[in-house]
Amino acid sequence: MLRCRPMKQLVAGSMMALVLVAAALVPAAAAEPARKVVAVGTRPESVTRGWGGRWFVTVMGGDKVAGDGAVREIVGTETKDFATGLDEPKGICFTGKFLVATDLKRVWKIDAKGDKTILADDKAFGNPVSYLNDTACEPGGQAVYVTDMGANTKMRDPQGALWPLDSTEAKALPALGRVYRIGLDGKVSVAVDTSVDMKCPNGVSVAGKGRLLVGEFFTGNILEVRGKKMTVLTTGLRGADAVEDDGKANIYVSSWSQGKVWKLAKGKKDPEVIAEGFQSAADFYLDRAGKQLLLPDMKAGTVTFIPLK
């Protein structure tokens, strides 16, 4: 006997079929590109691209062992020593002819053979030097900018956390940090003098002619400096380490203490977290051509290649 299904069942079945067909036609969400992670050694801090597109990373080594710091070259998923005998190399950049790396109270110039000479020591700065951190090469390769963190030893409580911003200790933190310009002839001048908005500068980058970006570690101020004019672009990104402009007015910032990377999009006040979960997100390199960030994780001992959308 032929049995006909009720009209409601026919309609329901037809609707379900349409849903299944529609779902099949919708493309699956693209998978996130895989991140390459390279183990590079004890306490890596900063990355740059050098001769022939090669990657170089500063590795500080043990914090109580003098002379075990190095600049290493990343080759595929391996590393090899390039320049050795440094104490705690931190910021690094490439002038086009030399690598320049900060090392506590001095700055090294390193040639293509890995041979190093002192570009500037603490006597050249004209002010007491506390802790030289990041460096950025000036377009044209004739000078570099270097941050001195100032009162970096007074930023934290006995457990190592940054003092709360409303604490007595935070209010008493002196503004001693500066940004210096160092010519490749070794001459040092003050590029950005002390400011209450820039108590402990960490990251610095050249974002255009006459324009610097500075990441202030303690408060998390992200600063734009044009001559003597300083503007706070955003704040609260405490532990700010690297700060870079992508050439399209978007700014990327890492936080050493929070293990995050933010993107501050053009025209927006609130930054967006684009990567997190790192033990200590240090001084990344923004690879514009490759559309990626190379992020050292100091505590993990790695460099992560983070694809950008």
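Me: Where is Asp270 found in this predicted model?
Reply: Asp270 is found in the loop between strands β20 (260-264) and β21 (272-275); strands are DSSP runs of E of at least two residues, numbered from the N terminus. Residues are numbered from 1 along each chain as its sequence is written. In this predicted model, local features need pLDDT of at least 70 and side-chain atom pairs count only at pLDDT 80 or more, while totals for chains, interfaces and linings use all residues, and side-chain values use heavy atoms, with hydrogens and water left out.

Me: Why is Asp270 called exposed?
Reply: Exposed means over 50% relative accessible area, buried under 20% and partly exposed in between (1.4 Å probe, protein chains only). Asp270 has a relative accessible area of 63%, so the residue is exposed.

Me: Why does Cys200 count as buried?
Reply: Its relative accessibility is 0%, and therefore Cys200 counts as buried.

Me: What makes Cys93 and Cys137 a disulfide?
Reply: A disulfide is a pair of cysteine sulfur atoms within 2.5 Å. The sulfur atoms of Cys93 and Cys137 are 2.2 Å apart, and the two residues form a disulfide. Cys93 lies in strand β6 (residues 89-94) and Cys137 in strand β10 (residues 132-137), so the pair ties together parts 44 residues apart in sequence. Both cysteines are buried.

Me: Why is the disulfide of Cys93 and Cys137 called right-handed?
Reply: The torsion about their S-S bond is about 80 degrees, so the disulfide is right-handed.

Note on methods: Helix = DSSP H or I, 4+ residues; strand = E, 2+ residues; numbered from the N terminus.
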